[in-house]
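Student: Before we go through this model together, could you set each value against its definition, so that I can see how each label is reached?
Tutor: Gladly; let us look at it first.

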Amino acid sequence: MNLEEVDFGDNFQHGFRGNHGTVTACLEIQSHVATAMDNKMFVLMYSADMSAAFDLLRKENLILPQIPNELAAVVQNFLSERKAFVQIGEETSMVFKLPAGVPQGSVLGPKLFSIYTKGLEKIKRDGVEVVAYADDSYVICSARSKAELVSLANTTINEHLDWLKQVGMVVNPDKTELVFFTKQENERIELTYNDLKLVSADSMNVLGITFDHALTWNHQLKCAIQKCQRLKPALQMLSKKLSRREFLQVTTAHYFSNLYYCSEVWYPPLSCKLKKSINLIHYFPLRLSVKDFARKLSYKKLDKLSRRASPFDLNEFKVARCLINFSNNSAPFSLFQDLLVNAVVESRNPTRPWFLDTSRTRIGHQSFCNRVTNISKRLKFEWYGRPRTKEDIRANLKRTFFPYLA
């Protein structure tokens, strides 16, 4: 037996795990918030960022259940009596002992840290959800009234930070944020922990994307566009020096990666007007690549010449890929569970299920399971439960969503 074979039940952790990542973490947060708001609950989220988390892991607080004593002893030995020194040029410091910490870059490091932080499950209860990515944790609280919400959140954050203190972790107060989800502007909520006071802001940065208080994603889109605007002068210069193929490779790596980072989360809920505003940014480098300075070519023609999908089709493809991954891998478990509840399987097409949209309000449509109804109906190939390779699934998805690029 090895540690990879042990299921520690850390379903809230999206770091260091297969079929998980920043996208799945943000989608789960979005689904928790949207579902609670759709049920007319008051919702808030706070973040707790641990300072130098890997360096503060203490072996005496590391609980290793479900594994043989011999393996647990090996792990404890791995963390014991570790030493280090500092080297600058040819000069080295004295060797000193490390009283705590897990070696970063090691194979065991991420797994041990994930086991260590499993104690966060203690704060989960009715109305409290936890989502973590490595040492970043996000806690979503919901209640029927604002007073109940403040009481629940204060209890939760005090238990949360007390637990971190008990296991030797240090919270970075500068990165501890709070957002109260509401359609009303400038509505504030305050939480307290000892001398730490958290006042809700209008938005919060979560793993590189911005959740605003009303889940409109206006600020996220603005930030993505600004990043691309700053790259325009460089692209104009590079378009004169690189071949079309080289230029499109640079554009994909540095321009579109900024524009569409985590777009599975924020693009589908955008209004039609905001989606149209992306077209100008999206097609700018594509016009440069074909020297269409007079803007005579249509969007469809640019798509075909550059072999690049339109913004809408690209994001439909990305959401469909998430749907297939979540369904076939049963992970992340929270999102997979929601999909099961909304699934409709026909006896004639058991390998092509579709999903109901059970949202009551527009905000509820942001829950992942409520937004895949039309996408699942577009998937005409057999995808559910089939032992297909990632390459095969990707090829089928491309044929479904990008037929004009064939």
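Student: Why is Arg 388 called partly exposed?
Tutor: Arg 388 has a relative accessible area of 30%, and the label follows because buried means under 20%, exposed means over 50%, and partly exposed is what lies in between (1.4 Å probe, protein chains only). This is a predicted model, in which local features need pLDDT of at least 70 and side-chain atom pairs count only at pLDDT 80 or more, while totals for chains, interfaces and linings use all residues. Residues are numbered from 1 along each chain as its sequence is written, and side-chain values use heavy atoms, with hydrogens and water left out.

Student: What makes Asp 392 and Arg 388 a salt bridge?
Tutor: The closest N and O atoms of Asp 392 and Arg 388 are 2.5 Å apart, and a salt bridge is a side-chain nitrogen of Lys or Arg within 4 Å of a carboxyl oxygen of Asp or Glu, so the pair qualifies. Asp 392, with a relative accessible area of 26%, is therefore partly exposed.

Student: How many salt bridges does a search of the whole structure find?
Tutor: The search finds 8, and one of them joins Lys 146 to Glu 187, with 2.5 Å between the closest N and O atoms. This pair links distant parts of the chain, 41 residues apart, since Lys 146 is in helix H4 (residues 146-166) and Glu 187 is in the loop between strand S9 (178-181) and strand S10 (190-193). Helices (H or I, at least four residues) and strands (E, at least two) are DSSP runs, numbered from the N terminus.

Student: Is Glu 316 buried or exposed, and how do you know?
Tutor: Glu 316 counts as buried, because its relative accessibility is 14%. Its side chain meets that of Arg 378 in a salt bridge (3.3 Å, N to O), and Arg 378, at 29% relative accessibility, counts as partly exposed.

Student: Why are H10 and H11 called roughly perpendicular?
Tutor: The axes of helix H10 (residues 311-329) and helix H11 (residues 333-342) come within 9 Å and cross at roughly 95°. Angles of 65 to 115 degrees count as roughly perpendicular, under 35 as roughly parallel, over 145 as roughly antiparallel and the rest as oblique, so H10 and H11 are roughly perpendicular to each other. These axes are lines fitted to C-alpha atoms, for helices over the stretch in contact, and the angles run from 0 to 180 degrees between N-to-C directions.

Student: Why is Trp 217 called buried?
Tutor: Trp 217 has a relative accessible area of 0%, and is therefore buried. Although Trp 217 is not a glycine, it has a positive phi of about 70°, and its place is in the loop between strand S13 (209-212) and helix H5 (218-238).

Student: What makes Arg 295 exposed?
Tutor: Arg 295 counts as exposed because its relative accessibility is 53%. Its phi is near 55°, a positive value in a residue other than glycine.
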